[in-house]
Amino acid sequence: TSREEMKARAVKALPDAKEASAFNYAAQAWAFRGRIEAGDLVVVPLKNSPHIAIGRIVGDYQYVEEGLGNVHHTRAVEWLRTDIPRTVIGKDLLYSIGAFSTVVQVQRNDAAYRLGVLAASEDAEDPGERSGFVPKRGAASASADEADLEDAATESGFDIDAYVSDRITA
């Protein structure tokens, strides 16, 4: 019922994990259960595909005992589009969508608006990068961002090859 309770349960359920790893699992589970709300957009990079799917959360968190395989924790989603090419999305959003954590809230660079535009039309392109939108950042931060992405990609399973291929195709 709370983030603190989720942390305590994660530490107990994962006795061999480092405390930081257990806390990360707890944070992900709590975000899925306690922070996501009906109406929020959800973005899923599709594995083995150069596309992403965008949907809208339409239901509360549910634990389904009979689940599908090992999937027991669910949120009802209305899928708005499931065929958006990664090549029409600005790299700043792709970095946020495809890396690091399973559940993240992407707030910078007008992400919700930009993803909403992509979800609303089959021939939409990201109104950010393609229309001259330039993310606010210091000039020196670009190389640091690239290094951070590479480090996180190695640890998180981010498919850097797919990302590079998408950028070359674009």
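Colleague: How many salt bridges does the chain have?

Modeller: The count comes to five salt bridges. Keep in mind that this is a predicted model. The rule asks for a side-chain nitrogen of Lys or Arg within 4 Å of a carboxyl oxygen of Asp or Glu.

Colleague: Show me one. Which residue forms a salt bridge with Arg9?

Modeller: Glu5 does, with the closest N and O atoms 3.2 Å apart. Now the general idea. An α-helix has 3.6 residues a turn, so residues three or four places apart point the same way. Here, Arg9 and Glu5 both belong to helix α1, residues 3-13. They are four residues apart, about one turn of the helix.

Colleague: What about the salt bridge of Arg81?

Modeller: Its partner is Asp83, and the closest N and O atoms lie 3.1 Å apart. The two ends differ in cover. Why does Arg81 count as buried? Because its relative accessibility is 8%, and buried means under 20%. Asp83 has a relative accessible area of 37%, so Asp83 is partly exposed.

Colleague: Where do the partners Arg114 and Asp126 lie in the chain?

Modeller: First the contact: their side chains meet in a salt bridge, 2.6 Å from N to O. This pair links distant parts of the chain. Arg114 sits in helix α4, residues 111-120. Asp126 sits in the loop between α4 and α5 (141-156), twelve residues from Arg114. Arg114 is buried at 1% relative accessibility, and Asp126 is buried at 1% as well.

Colleague: Which residues are linked in a network with Arg114?

Modeller: Asp92 and Asp126 are linked with Arg114 in a network of salt bridges.

Colleague: Now the strands. How do I read a sheet?

Modeller: Start with pairing. Strands of a sheet pair through backbone hydrogen bonds, either parallel or antiparallel. In this structure, three strands form an open sheet in the order β1-β2-β5, and the pairing is antiparallel. The edges are β1 (41-45) and β5 (77-85). Each has a single partner strand, so one side of each is left without a neighbour in the sheet. On average, neighbouring strands are turned by 20° against each other, direction ignored.

Colleague: How many bridges join β2 and β5?

Modeller: Six bridges, in the antiparallel sense, and β2 covers residues 51-57. For one example, find Ile57: its bridge partner in β5 is Val77.

Colleague: What lies across the sheet strands?

Modeller: Helix α4 lies across β1, β2 and β5. To β5, the helix runs at about 85°.

Colleague: Which residues of α4 are buried?

Modeller: Ala111, Arg114, Leu115, Leu118 and Ala119. They cover an arc of only 140° around the axis, so they lie on the same side of α4. On the other side of the helix, Ala112 and Ala120 are exposed.

Colleague: Step back to the whole chain. How many helices and strands does it have?

Modeller: Six helices and five strands. From the N terminus on, the order is α-α-β-β-β-β-β-α-α-α-α.

Colleague: What share of the residues is buried?

Modeller: Of the 170 residues, 26% count as buried. The accessible surface comes to about 11,100 Å². Carbon and sulfur atoms account for 51% of that surface.

Colleague: And how far along the sequence do contacts reach?

Modeller: Take contacts between residues at least 6 apart in sequence: 57% of them join residues at least 24 apart.

Technical notes
Residues numbered from 1 in each chain as written. Predicted model: local features only at pLDDT ≥ 70, side-chain atom pairs only at ≥ 80, totals over all residues. Heavy atoms only, no water. Helix = DSSP H or I, 4+ residues; strand = E, 2+ residues; numbered from the N terminus. Buried < 20%, exposed > 50% of the residue type's maximum accessible area, 1.4 Å probe, protein only. Pairing = 2+ DSSP bridges. Axes fitted to C-alpha atoms, helices over the stretch in contact; angles between N-to-C directions. Contact = heavy atoms within 4.5 Å. Arc of directions from axis to C-beta. Areas by Shrake-Rupley, 256 points an atom, 1.4 Å probe, with all protein chains shown as cover.
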